[in-house]
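Please read the following report with the sequence and the model open beside it.

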Amino acid sequence: CVGALALMGSGALKAAEKVRVALGDVVSVETLAFVVALERAKDRGVDYELTSFAKEELATQAIDNGQTDLGVGTAYAVIQKSKLPLRILFQVSRLVFFPVVSVEYKSWADLNGQPFTFHARGSGTEAIGNILAKRNGITFGERSYVPGSDNRIIAMMNGQIKATIVDLANKNKLMEMAGDKFHVLPSVDNPASDEVVFASQEWIKNNPEQVKIITEELLKLWREMSKNPQVIEDERVK
């Protein structure tokens, strides 16, 4: 009885429903580290329910609609447009993105009203595109979506698209293969997150202990991975 009172007085987690987590992907090698962190948080009393969505935009919409609590993905465009205050809790990964276009487009001004291709609706590439369009005083024409930087440069080589945003490796690959046909336009100064963990401001406010434990476990694991990448394989075996 004394132990129970002490536990209550120490700020232990109160009985709560599972944290509903929306993942805009399948559980795989790429997402395993996030799941490991969730399992460690579960050991500290934060139970969770993970739902994998077929498309990243569906996972983001689930957060925006209040159907889930915690989201993982590139939610920048939704954060820009959503009426629901969404806040980023943790940066899962960070990439540098580059706008690559046909040489017929000499500058951003030439892209006014022209088609532009992004990774997915609400993705980091679309958010960067929105920022750059606003900064350069233009409006894109038809928007299309092709997941994967490697797939987009293949489409460019095949003449299917003329303007998109890709990661560093694929930018270099495209310039190596066809530097006479394409070039890179000025982008944002700071690298963008490829994926982030985010939630509504209201949920964060109402669940401070869950937020604290989850972010602590994410940060702890990411630091462990930096020192010893093998830790994820060790945890997978467990």
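In this predicted model, helix H2 (residues 32-43) and helix H10 (residues 230-237) cross in the left-handed sense, where left-handed means that the near helix is turned anticlockwise from the far one by less than a right angle, and right-handed that it is turned clockwise. Helices (H or I, at least four residues) and strands (E, at least two) are DSSP runs, numbered from the N terminus. The axes of H2 and H10 come within 10 Å and cross at roughly 60°, and that makes H2 oblique to H10. Such axes are lines fitted to C-alpha atoms, for helices over the stretch in contact, and the angles run from 0 to 180 degrees between N-to-C directions. Angles under 35 degrees count as roughly parallel, over 145 as roughly antiparallel, 65 to 115 as roughly perpendicular and the rest as oblique. On the H2 side Leu-32, Ala-33, Val-36 and Arg-40 meet Val-231, Ile-232, Glu-235 and Arg-236 of H10, a contact being heavy atoms within 4.5 Å.

Helix H6 (residues 149-157) and helix H7 (residues 168-178) pack at an angle of about 20°, with their axes 10 Å apart, and these two helices are therefore roughly parallel to each other. The contact is made by Ser-149, Asp-150, Ile-153, Met-156 and Met-157 of H6 together with Asn-170, Lys-173, Leu-174, Met-177 and Ala-178 of H7. The crossing of H6 and H7 is right-handed.

In helix H3 (residues 56-64), the buried residues are Glu-56, Glu-57, Ala-59, Thr-60, Ala-62 and Ile-63. H3 is followed by Gly-66, whose phi is positive, near 80°.

Turning to the strands, S1 (residues 19-23) is mostly covered, since four of its five residues are buried. S1 pairs in the parallel sense with strand S2 (residues 48-52) over five bridges, and Val-19 has Tyr-48 of S2 as its bridge partner. With strand S3 (residues 70-73), S1 also pairs in the parallel sense, over three bridges, and here Leu-23 stands opposite Val-72. Two strands pair if DSSP finds at least two bridges between them.

The protein chain as a whole has 10 helices and 10 strands, and 45% of its 238 residues count as buried. Among contacts between residues at least 6 apart in sequence, 79% join residues at least 24 apart.

Confidence is given as pLDDT, the predictor's confidence in each residue, from 0 to 100. The chain averages a pLDDT of 85, and 87% of the residues score at least 70. Among the elements, helix H1 (residues 2-9) has the lowest mean pLDDT (34) and strand S9 (residues 182-184) the highest (97). Over residues 1-12 pLDDT stays under 50, and the model has two contacts beyond four places in sequence for them. Where pLDDT is low, the predicted coordinates should not be read in detail.

Residues are numbered from 1 along each chain as its sequence is written, and side-chain values use heavy atoms, with hydrogens and water left out. Local features need pLDDT of at least 70 and side-chain atom pairs count only at pLDDT 80 or more, whereas totals for chains, interfaces and linings use all residues.

Methods: Buried < 20%, exposed > 50% of the residue type's maximum accessible area, 1.4 Å probe, protein only.
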